[in-house]
Amino acid sequence: MEIDSEIRKTARCDQVNAAARRFADSAERRGEVARKRRATDSDVVDSNEQIIARADRLLVSGEVPAQAVIELGGQDPVGSIRSLERVIGFANELQAVNFLARGSRAAAAVARISLVDKGREIPMGTGSMVSPQLLLTNNHVLPTPAVAESVVVEFMAEAGLDNTPNTTVRHRLAPDDFFVTSEHLDYTLVRVASGPDGEAPGTSFGWNPLIADSGKIVIGEAMNVIGHPMGRLKEISIRDNRLDLQLDDFLHYTSDTEPGNSGSPVFNDQWEIVALHHSGVPKKDDNGRLLRKDGKQWQPGDGEDTIDWVANEGVRVSVLLRDLGSRRFDPAQRKLLDELGPTAELSSESAAAEPESAAVPHLSITESAVRGAPGRSSAFGGRRSVMFLHGRGQQERDPADLRRTWAAGLNKGLTLAELSPVDPADVYFPYYGNQLIASMSASESVVDTGSGIYESLVEEAAHRAGMPTTADVPVAEEGFGNVVLGRVRDQLGWIAARSRLDSVLIGALFKDVAAYLDDEQVRKSVLDTVLTEMPTRGELVLVSHSLGTVVALDLLTQLPREVEVSLLVTAGSPLGMDAVHRKLLIGGPNRPERVGEWLNTWYAGDPVAIGCPLRPTWGPGLRDLPVENPEDHAHDIDEYLAHPEVAAVIGRKLAA
């Protein structure tokens, strides 16, 4: 064990010195960042490419409210780098109230790593679950499989709400099953052994996915670090942390971290991992000697806490994933690696065929297969099942996370209605997000802005939103000076101004609906995916949203006879539009006989539900329930389900 300890000390020293060299070598680049900040009077500065990628990721994910986009677009030309910097700055300044809840969820997957030596447990660092079974930490924390076999991983090593320590949950590592490490990038990825109940730790504590895509952070944005500094109970650093510089393989940032934070995940404000923290950057004199905080030369007996740390360094997640993708794995290891999910963009085929030195192409969405989250067959007395059917734009998302979001909204409404909440694990959540994009990409008749059905959808929506048929729309009309697309005659711009949502988002929604309705291969692929991941018998409460409501109506023609749909809920649905219902498998607005009760809920400011209410088109036998959603979350399913009137219909059916 003494040899292993020396290996770790040497590795740690090497990483500190390497970080110091990179910091010194990048002095000119830091100076350029400082000049940009003075010139723009903004902390958010980076290359145009990085700014565009970051703004795009924030807008597509809905992290910036549409109202803010419209207002920010009025200050600078839409699409300009300055307007995009404003978008990023807005996201950096204000956080939704769920920021803390999402952070708590991310923190649950972070664990303390301690060496077990002669009956003692010596804290060594931090690790984070990045899949149900794989833990990510530093090479200098776990440099060899032998060291990995000698440690214990503790989850819930943190203070509870009353400031008393929680009871920890301990796991050992299984490096014989999976162990990958890199000295240069200072990372180790290792399997965590299952607990006594046979469950993978990620099942209990969750995991933080690794994302290969760019646009997760830019210089000047806030960063959050969760770890076990000096082996203490879990702590989070969220104050005054900023990204200072992006190097090819590493990030430099300011943050309050200490020894023991090695291996901590570094998050952006959306709680996506952007880096693996691995070292502080020490201040040195002209002779390369470490300096203490008091300016004197540091001596080995002084302790690391006396060193004058001038910055922190973390390994970029995208680089780490690229290194993983260049390696070869046997089938069992590949199966574990596949659990990282599609956001990691690791190919399951080419990596096994190529030599170790060959780069592996990124995984396209067509190659990924993420299954949905099954519900418990014993739930609700075993007599009925609940199924959530999602809409478009959910590709590369975790089905279990999506299910929790839906359930959280429903449980809020159930609580307000004084009814019992549901356990997300009891709900079936078929997942076709990746399959929709894959089948659209593979289709030879890809729907674009020139396709007939897409144009029909947009034209009908604009007409229902009150757009005059004449082209002479008054330019001076209130609200039309700076909509997102800036073109008052454009139909999407008109809808955007009326709904106060981004016209790009509205166009994407209609485009995916059109693709599903216009291409039978796309439709078949989605339906087949859903049918394989849902209950096959018994009473079913089917709750659907957006494009999912269209899929639901088609699904009713495909269900086994043994399935009885006692309640159908459609939320934010486009089923009232002629261009939609005439393309359904039932051939028009014909109420399905196999549906017992039908509740349709809609918000007048939701552009996708612009054909609502449905009763005038679909006839009697359904209930239209208008609700008020926040303008910047007009189409969100959790907002629909949080209304007590909507939740009560579902809750009473489940309690019947």
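Biologist: Is Asp186 buried or exposed?

Modeller: Asp186 is buried, since its relative accessible area is 0% and the cut-off for buried is under 20%. Keep in mind that this is a predicted model.

Biologist: Thanks! Where does Asp186 lie?

Modeller: Asp186 is in the loop between strand E6 (179-182) and strand E7 (187-191). Its phi is positive, about 55 degrees, although Asp186 is not a glycine. Most residues other than glycine have a negative phi.

Biologist: And what about the phi of Met230?

Modeller: Met230 also isn't a glycine, and its phi is positive at about 55 degrees. You'll find Met230 in the loop between E8 and E9. Met230 is partly exposed, with a relative accessible area of 47%.

Biologist: Let's turn to E8, then. Which way do its residues point?

Modeller: Asn224 and Ile226 point one way from E8, while Val225 and Gly227 point the other way. All of them are buried. In a regular strand the side chains alternate between the two faces of the sheet.

Biologist: Which residue is the bridge partner of Ile226 in E9?

Modeller: That's Ile236. E8 and E9 pair in the antiparallel sense, over three bridges. E8 is also joined to strand E12 (residues 265-267) by two bridges, again running antiparallel. There, Asn224 stands opposite Phe267 in E12.

Biologist: Nice. What is the strand order of the sheet?

Modeller: The order is E9-E8-E12-E13-E14-E11-E10, an open sheet of seven strands with antiparallel pairing. Strand E9 (235-237) and strand E10 (242-246) are the edge strands, each pairing on one side only. From one strand to the next, the twist averages 35 degrees.

Biologist: How many bridges are there between E10 and E11?

Modeller: Four, and E10 and strand E11 (residues 250-254) pair in the antiparallel sense. Arg242 stands opposite Thr254 in E11.

Biologist: Which strands does helix H9 lie across?

Modeller: Helix H9 (residues 317-325) lies across strand E13 (273-282) and strand E14 (309-316). H9 runs at about 40 degrees to E14.

Biologist: New topic: Trp207. Where is its place?

Modeller: Trp207 is in the loop between helix H8 (201-205) and strand E8 (224-227). At 27% relative accessibility, Trp207 counts as partly exposed.

Biologist: What is Trp207 in contact with, leaving aside its neighbours within four places in sequence?

Modeller: Ala109, Met129, Val130, Ser131, Pro132, Gly202 and Asp398.

Biologist: Last one, on helix packing. At what angle do H12 and H22 pack?

Modeller: Helix H12 (residues 399-416) and helix H22 (residues 644-655) pack at about 90 degrees, and their axes are 8 Å apart. The two helices are therefore roughly perpendicular to each other.

Biologist: Which residues make the contact?

Modeller: From H12 there are Leu410, Gly413, Leu414 and Leu416, and from H22 there are Pro644, Ala647, Ile650 and Gly651. These contact residues divide into six nonpolar, two polar and no charged.

Biologist: Great, thanks for the tour!

Conventions:
Residues numbered from 1 in each chain as written. Predicted model: local features only at pLDDT ≥ 70, side-chain atom pairs only at ≥ 80, totals over all residues. Heavy atoms only, no water. Axes fitted to C-alpha atoms, helices over the stretch in contact; angles between N-to-C directions. Parallel < 35°, antiparallel > 145°, perpendicular 65-115°, else oblique. Contact = heavy atoms within 4.5 Å. Nonpolar A, V, L, I, M, F, W, Y, C, P; charged D, E, K, R; others polar. Buried < 20%, exposed > 50% of the residue type's maximum accessible area, 1.4 Å probe, protein only. Pairing = 2+ DSSP bridges.
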